[in-house]
Amino acid sequence: MPRARLSFLFLNLGHFLDHFFMLIFATVAALRLTGEWGMSYAELIPYATPGFVAFGVGAIPAGWLADRWSREGMMVIFFIGIGVSSILTALAGSPLEIAIGLAAVGLFAAIYHPVGLALVIQGRTKTGVPLAVNGIFGNMGVACAALLTGYFIDNAGWRSAFVLPGAASIAFGVAYWVFVSWGRAERARAAAAAEAATAKRAGTGGADASIDRDTLIRVFAIIAFTTAIGGLIFQSTTFALPKVFDERLGDLASSATAIGGYAFAVFTVAAFAQLVVGYFVDHHSVRTVFGFVAALQAAFFAIMYQLTGVPALVVAVAFMLVVFGQIPINDVLIGRVTKSAWRSRAFSVRYIVTFSVSASTLPLIAWIHGSWGFGTLFVAMAAAAGAIFAAVMLLPRRGAFIARTPAAA
C-alpha cells in the first residue's frame with residue numbers, strides 16, 4: 001500500500017476510535033448501569049460531562065502542540081493515551097470514579113480533531129471528499145459504539161466494553177509509532193513540497209487570497225455559531241439515540257444487543273451522507289448545500305416528535321443522514337480560509353466550541369428527558385436546526401472559498 005494511503009488509513013482509524021470511545025458510556029449507562037447502580041438515566045448521564053468538557057478544552061493545547069512540535073507525534077499520544085484511559089475507566093466502582101476515567105478519555109480524545117483533520121487535508125487542494133471519507137470513519141465509530149457495547153454488555157459485562165477497545169487502540173498506537181518513525185525525513189520533504197504547491201495555487205499559504213477582512217470575520221462568526229448549534233444537535237442525537245430506541249421501538253428492540261444493532265444500522269447508513277455532501281461542497285456553493293442540509297434537519301426533527309415503532313426508525317435514519325451530512329461543511333470552510341502553519345489551531349478553536357457545547361448538552365438531555373420526555377428534545381432540535389439555516393443564509397453568495405476549491409494547476 002502506498003505510504004500516503006497507509007497514513008490516511010491510520011488517520012481514519014483514529015477518527016473511528018475517537019468517536020467510539022466517547023460514546024461507550026452512552027450505551028453502558030442507558031442499558032446496564034442504571035440497574036446495576038440503582039440510578040435513573042437522568043441521574044447517571046451527567047457523570048459523562050467531565051469527559052466532554054475535557055474533549056473540548058483539551059483541543060486548544062493539542063492544536064498548539066501539534067503546530068509547534070509534531071502532528072504525527074501527537075497522534076501517537078492520542079492512540080496510546082486514550083487506550084490506557086479506557087482500560088482504567090473499566091476499573092470504576094462508583095459514578096465519581098467513572099467520571100474521572102471518562103475525563104481522562106476525553107482529554108486524549110481532544111487530540112484527534114485539531115491534529116488528525118489538519119493531517120488529512122495537509123497538501124491537498126480539494127478537501128471535501130477526503131474530509132467526508134474521514135468523517136465516515138468517525139461516524140462508523142459512533143455506530144459501532146452502540147453495536148459493540150451492547151454486544152459486550154450481553155456477553156462479557158460492561159467493563160469489557162472499555163477494556164477490549166482500549167487494548168486495540170494501544171496496539172494501533174504502537175503500529176503508528178513505527179510507521180511515523182520510518183522515513184521521517186522523506187515524508188517531511190514531501191509534505192513541505194505539497195504545502196508549497198498548495199500555497200502557490202491558493203496565493204496565501206493555503207487560504208483564499210480573495211477574502212477581505214470583513215468577509216473573513218463574518219465567515220468565522222458563522223462557522224462559530226453553526227459549530228456551536230451543530231454540536232448541540234450532534235451530541236443530543238448520537239448520545240440519546242440508544243435510549244430513544246429503548247423507549248420507542250417497543251417489541252422491535254428487546255435486548256441491549258438489539259438496541260445497539262438498530263443504532264448501528266441507523267448510524268452506518270447515515271455515515272455515508274458525508275461522502276455525498278463532501279462531493280457537493282467540492283463542486284457547488286457551500287452556502288446552498290449547507291442551507292439545504294439545515295432545512296432538512298429542522299423538518300425531520302419536527303416529524304419525529306411523537307413517532308414510535310417502525311416510523312420512528314425510518315425518520316431516525318432520515319435525521320441522522322442530515323446530522324452527519326453537516327459535519328464536513330465547516331471543516332471545508334476552515335480548510336479554505338486558513339494557512340497550513342496555523343490550521344491545527346484553527347481546527348482546535350472550532351472543536352473546542354463543538355465539544356464544550358456537547359458537554360453542556362448532557363445535563364440538558366437529562367433535564368428534558370426527566371421533565372417532559374424526548375418529544376420536547378426533538379422540538380428543541382428542530383428549532384436549533386432552523387437557527388443554523390438562518391445563519392447559513394448570511395454567508396457570502398460569491399467567492400472561491402464558498403463556491404468550490406480552485407482546481408490544481
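User: Let's start with tyrosine 176. Which residues does it touch, not counting those up to four places away in sequence?
Analyst: This is a predicted model, and in it Tyr176 touches Phe10, Leu11, Glu72, Met75, Val76, Phe79 and Leu119.

User: Okay, and what about phenylalanine 10, where does that one lie?
Analyst: Phe10 lies in helix α1. Setting aside neighbours within four places in sequence, Phe10 is in contact with Phe79, Phe172, Ala175, Tyr176 and Phe179.

User: How far apart are phenylalanine 10 and phenylalanine 172 in space, C-alpha to C-alpha?
Analyst: They are 8.1 Å apart, although 162 residues separate them in sequence.

User: Is phenylalanine 10 buried or exposed?
Analyst: Buried. Its relative accessible area is 11%, and that is under the 20% cut-off, so Phe10 counts as buried.

User: Which residues have the most contacts inside the largest nonpolar core?
Analyst: Those are Phe25, Tyr176, Phe239, Phe245 and Phe324, in a core of 127 residues. The largest share of this core comes from α1, with 17 residues.

User: Tell me about how helix α1 packs. At what angle do α1 and α8 pack?
Analyst: Helix α1, residues 3–36, and helix α8, residues 128–156, pack at about 35°, and their axes are 6 Å apart. The crossing of these two helices is right-handed.

User: How do the residues of that contact divide into nonpolar, polar and charged?
Analyst: The contact of α1 with α8 has 19 nonpolar residues, 10 polar ones and 2 charged ones.

User: Switching topic: threonine 237. Where is its place?
Analyst: Thr237 is in helix α11, which covers residues 213–248. With a relative accessible area of 6%, Thr237 is buried.

User: Which residues is threonine 237 in contact with, leaving aside neighbours within four places in sequence?
Analyst: Phe301, Phe319, Met320 and Val323. For Thr237 and Val323, the C-alpha atoms are 8.4 Å from each other, and the two residues are 86 apart along the chain.

User: Zooming out, how many helices and strands does the chain have?
Analyst: There are 18 helices and 2 strands. The chain has 409 residues, and 57% of them count as buried.

User: What share of the contacts between residues at least 6 apart in sequence join residues at least 24 apart?
Analyst: That share is 85%.

User: Last thing, the confidence. What is the mean pLDDT of the chain?
Analyst: The mean is 82, and 85% of the residues reach 70 or more. Residues 201–206 have pLDDT below 50, and that stretch has 22 contacts in the model beyond near neighbours in sequence. Another stretch, residues 403–409, stays under 50 as well, with 19 contacts beyond four places in sequence.

How values were computed: Residues numbered from 1 in each chain as written. Predicted model: local features only at pLDDT ≥ 70, side-chain atom pairs only at ≥ 80, totals over all residues. Heavy atoms only, no water. Axes fitted to C-alpha atoms, helices over the stretch in contact; angles between N-to-C directions. Helix = DSSP H or I, 4+ residues; strand = E, 2+ residues; numbered from the N terminus. Left-handed = near helix turned anticlockwise from the far one by under 90°. Nonpolar A, V, L, I, M, F, W, Y, C, P; charged D, E, K, R; others polar. pLDDT = per-residue confidence, 0-100. Contact = heavy atoms within 4.5 Å. Core = buried A, V, L, I, M, F, W, Y, C linked by side-chain atoms within 4.5 Å. Buried < 20%, exposed > 50% of the residue type's maximum accessible area, 1.4 Å probe, protein only.
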